Amino acid sequence: MTTSATPEAAYELAQVNIARLKAPLDSLQLKDFVDSLDPVNADADAADGFVWRLEGETGDATDVSVFGDEWLIINMSVWRDTNALTAYMYQGRHREMLARRREWFEKVQEAMVTLWWVPAGHRPTVAEAESRLLHLRTNGPTPYAFTLRTSFPPQGAKPLLGEVPDGMGCSV
């Protein structure tokens with residue numbers, strides 16, 4: 001007997017976040033950040049609901065260009081759903097890094113994080129992520145590009161308002 005997949009199982013959650021560095025990656029100011037990349041990425045790889053993450057030549061994505069700006073770094077991954085992403089983001093080493101982000105990254109006004117649904121098995125490109133982020137900046141949260149605070153189900157019906165701890169997420 002064959003069972004059909006639920007609509008949610010046909011989709012996975014893509015996320016991108018970019019950050020503007022305060023100093024070069026090889027600087028003393030960013031040493032703790034750079035030293036934490038491998039353990040934090042290993043935690044993500046082992047997390048329940050993790051599907052995929054962008055990697056460059058170095059095994060992380062610090063050498064992947066975004067918006068043609070050498071001071072921007074990118075993190076992009078795919079997760080089972082918003083619950084899996086949220087569970088990973090706000091615990092352990094990743095939470096510790098979030099708490100210290102102002103030491104390493106400039107505070108910017110525009111949205112630097114966005115989420116969107118992709119067909120299961122799809123691996124988003126940097127160009128796709130840039131497009132989604134620019135859409136969020138222009139239009140606010142929509143089914144095409146949204147945030148954890150205002151997310152949408154896979155086929156984009158009504159927004160789902162989520163709880164994000166203060167100071168830990170995008171302000172959009």
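This is a predicted model: local features need pLDDT of at least 70, side-chain atom pairs count only at pLDDT 80 or more; totals for chains, interfaces and linings use all residues.

Colleague: With which residue does Glu-103 form a salt bridge?

Modeller: The partner of Glu-103 is Arg-100, and their closest N and O atoms are 2.8 Å apart. Arg-100 counts as partly exposed too, at 30% relative accessibility.

Colleague: Which residues are linked with Arg-100 and Glu-103 in a network?

Modeller: Asp-32 joins Arg-100 and Glu-103 in a network of salt bridges.

Colleague: Why would such side chains pair in general?

Modeller: Side chains of opposite charge can pair when their charged atoms come close.

Colleague: How many salt bridges does the structure hold?

Modeller: There are nine salt bridges in the structure. One of them connects the side chains of Asp-43 and Arg-93, with an N to O distance of 2.8 Å. This pair links distant parts of the chain, since Asp-43 belongs to helix α1 (residues 31-46) and Arg-93 to helix α3 (residues 92-99), 50 residues apart.

Colleague: What is the distance between the closest N and O atoms of Asp-81 and Arg-80?

Modeller: In that salt bridge the closest N and O atoms are 3.6 Å apart. Asp-81 is partly exposed at 22% relative accessible area, and Arg-80 is partly exposed at 39%.

Colleague: Let us return to the two helices. How do the axes of α1 and α3 cross?

Modeller: The axes of α1 and α3 come within 9 Å and cross at roughly 145 degrees. The crossing of α1 past α3 is left-handed.

Colleague: Which residues meet there?

Modeller: From α1 the residues are Phe-33, Ser-36, Pro-39, Val-40 and Asp-43, and they meet Arg-93, His-94 and Met-97 of α3. Sorted by class, this contact of α1 with α3 has four nonpolar, two polar and two charged residues.

Colleague: What else does Phe-33 touch?

Modeller: Leaving aside residues up to four places away in sequence, Phe-33 touches Leu-25, Ile-73, Met-97, Trp-104 and Phe-105.

Colleague: Which residues touch the most other members of the largest nonpolar core?

Modeller: They are Phe-33, Trp-79, Tyr-88 and Phe-105, in a core of 27 residues. At least two residues of this core come from each of β1 (11-20), α1, β3 (72-79), α2 (82-89), α3 and β4 (113-119). There is also a second, separate core of 21 residues, which includes Ala-14, Leu-72, Met-76 and Ala-111.

Colleague: Where is Asp-45, and what does Asp-45 touch?

Modeller: Asp-45 lies in helix α1. Asp-45 touches Phe-50 and Arg-53, not counting residues up to four places away in sequence. The C-alpha atoms of Asp-45 and Ser-77 are separated by 9.9 Å, although these residues are 32 residues apart along the chain. Asp-45 is partly exposed, at 37% relative accessibility.

Colleague: Is Ser-151 buried or exposed?

Modeller: Ser-151 counts as buried, because its relative accessibility is 6% and buried means under 20%. Ser-151 has its place in strand β5 (residues 150-151).

Colleague: Finally, how many helices and strands does the chain have?

Modeller: The chain has five helices and six strands, and from the N terminus their order is β-α-β-β-α-α-α-β-α-β-β. The chain has 172 residues, of which 42% count as buried. Among contacts in the chain with a separation of 6 or more, 71% are between residues 24 or more positions apart.

How values were computed. Residues are numbered from 1 along each chain as its sequence is written. Side-chain values use heavy atoms; hydrogens and water are left out. A salt bridge is a side-chain nitrogen of Lys or Arg within 4 Å of a carboxyl oxygen of Asp or Glu. Helices (H or I, at least four residues) and strands (E, at least two) are DSSP runs, numbered from the N terminus. Buried means under 20% relative accessible area, exposed over 50%, partly exposed in between (1.4 Å probe, protein chains only). A nonpolar core is a set of buried Ala, Val, Leu, Ile, Met, Phe, Trp, Tyr and Cys residues joined through side-chain atoms within 4.5 Å. Contact means heavy atoms within 4.5 Å. Axes are lines fitted to C-alpha atoms, for helices over the stretch in contact, and angles run from 0 to 180 degrees between N-to-C directions. A crossing is left-handed if the near helix is turned anticlockwise from the far one by less than a right angle, and right-handed if clockwise. Ala, Val, Leu, Ile, Met, Phe, Trp, Tyr, Cys and Pro count as nonpolar, Asp, Glu, Lys and Arg as charged, and the others, Gly among them, as polar.
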